[in-house]
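Here is a short briefing on a protein and its ligand. Look over the sequence and the 3D view, then work through the points below.

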Amino acid sequence: ATAPKDWDRPLEGKVAVVTGAARGIGATIAEVLSRDGAHVICADIPAAGEALAETANKVRGTSFPLDVSADDAGAKLAEHALERHGGIDIIVNNAGITRDKLLANMDAARWDSVIAVNLIAPQQLVNGLIEKGALKEGGAVIDVSSIAGIAGNRGQTNYGASKAGVIGLVDTYAPILAEKGVTINAVAPGFIETKMTAAIPVATREAGRLMSSLQQGGQTVDVAETVAYFANPASSAITGNVVRVCGQGFL
Ligand code: NAI
């Protein structure tokens, strides 16, 4: 590992992209990476508009409307980053969606959209950056998985499968990216208070909290600080890991 030049601003001079940065966990990740000194490209769907601009205004960064599930998302991001910043050091694949239904009613459209955003996009973005030479040596890829990808969750076969897939992606990419001096790790949050979980019925939410060994849900900052650790050059010897944040499912 390399010790940062400045421990107070370990990401000084680095360029990070955070997907799904308009709100929730992604917005807090953008704030924390900016606090650590990075320039943050805040990416989210074009419809996120004002919320995305708000995050970008709060941090040392810029907003970049991007639907991560579009076929050319990786190429677009790479071109933007090369033109404006000469490349990217840190990519946080945080954008994610749920389309819950009990298994009997789980239609193909729900599977496809969740797999496209949560699983295919994180891989295609990284591939797009590599193909265009936009992912810098010594960089870090951080994927946001979920405890549902480790322990499963009723009504979330599509989501759980996509998030388990992310863990497989991290395992597979670790040795490949290591050849380029890039690390890849995942965080697997338990129950975190955001707009995504606000949509869950209260009783289910309460059950989710109690599944945690800590018997409580987490805040977005709990996830963001874990992401910041993987982004820090001091963790450059750590790759292929999944860290649970606020909860261990039934394990
Ligand atoms: P959220 O719904 O509050 O925010 C997600 C953001 O992603 C939104 O701004 C949305 O516009 C953006 N997004 C969705 N589809 C996109 C696309 N195609 N392209 C670009 N941006 C897109 O969700 P939250 O809670 O902040 O979740 C963030 C990540 O953390 C997700 O990957 C989620 O699956 C994961 N997670 C969340 C947990 C929680 O308890 N809140 C638990 C475990 C994982």
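## Around the ligand

The ligand has 27 residues around it, and Arg23, Asp44, Asn94, Tyr159 and Thr194 are the closest. Keep in mind that this is a predicted model.

- The side chain of Thr194 has an N or O atom 2.5 Å from an oxygen atom of the ligand.
- Gly190 uses its backbone: an N or O atom there lies 3.3 Å from an oxygen atom of the ligand.
- Leu66 also takes part through its backbone, where a polar atom is 3.5 Å from a nitrogen atom of the ligand.

**Cover and surroundings**

- On its own, the ligand has 830 Å² of accessible area, and the protein covers 93% of that.
- Helix 1 (24–35), helix 6 (157–178) and helix 7 (195–198) are the elements that each give two or more residues to the shell around the ligand.
- What classes of residue make up the shell around the ligand? The shell has 14 nonpolar, 9 polar and 4 charged residues.

**An aromatic pair**

- The model has 1 aromatic pair.
- Tyr229 and Phe230 form this pair, with 5.6 Å from centre to centre and 50 degrees between the planes.
- Is Phe230 buried or exposed? Phe230 counts as buried because its relative accessibility is 3%, and the cut-off for buried is under 20%.
- Tyr229 is partly exposed, with a relative accessible area of 43%.

Conventions:
Residues are numbered from 1 along each chain as its sequence is written. This is a predicted model: local features need pLDDT of at least 70, side-chain atom pairs count only at pLDDT 80 or more; totals for chains, interfaces and linings use all residues. Side-chain values use heavy atoms; hydrogens and water are left out. Rings of Phe, Tyr and Trp (its six-membered ring) pair if their centres lie within 6.5 Å; planes under 30 degrees apart count as stacked, over 60 as edge-to-face and the rest as tilted. Buried means under 20% relative accessible area, exposed over 50%, partly exposed in between (1.4 Å probe, protein chains only). A residue is near a molecule or strand if one of its heavy atoms lies within 4 Å of it. A polar contact is a pair of N or O atoms within 3.5 Å; within protein, one must be able to donate a hydrogen and the other to accept it, and residues adjacent in sequence count only if both atoms are side-chain atoms. Accessible areas come from the Shrake-Rupley method with a 1.4 Å probe; for residues, only the protein chains shown count as cover. Helices (H or I, at least four residues) and strands (E, at least two) are DSSP runs, numbered from the N terminus. Ala, Val, Leu, Ile, Met, Phe, Trp, Tyr, Cys and Pro count as nonpolar, Asp, Glu, Lys and Arg as charged, and the others, Gly among them, as polar.
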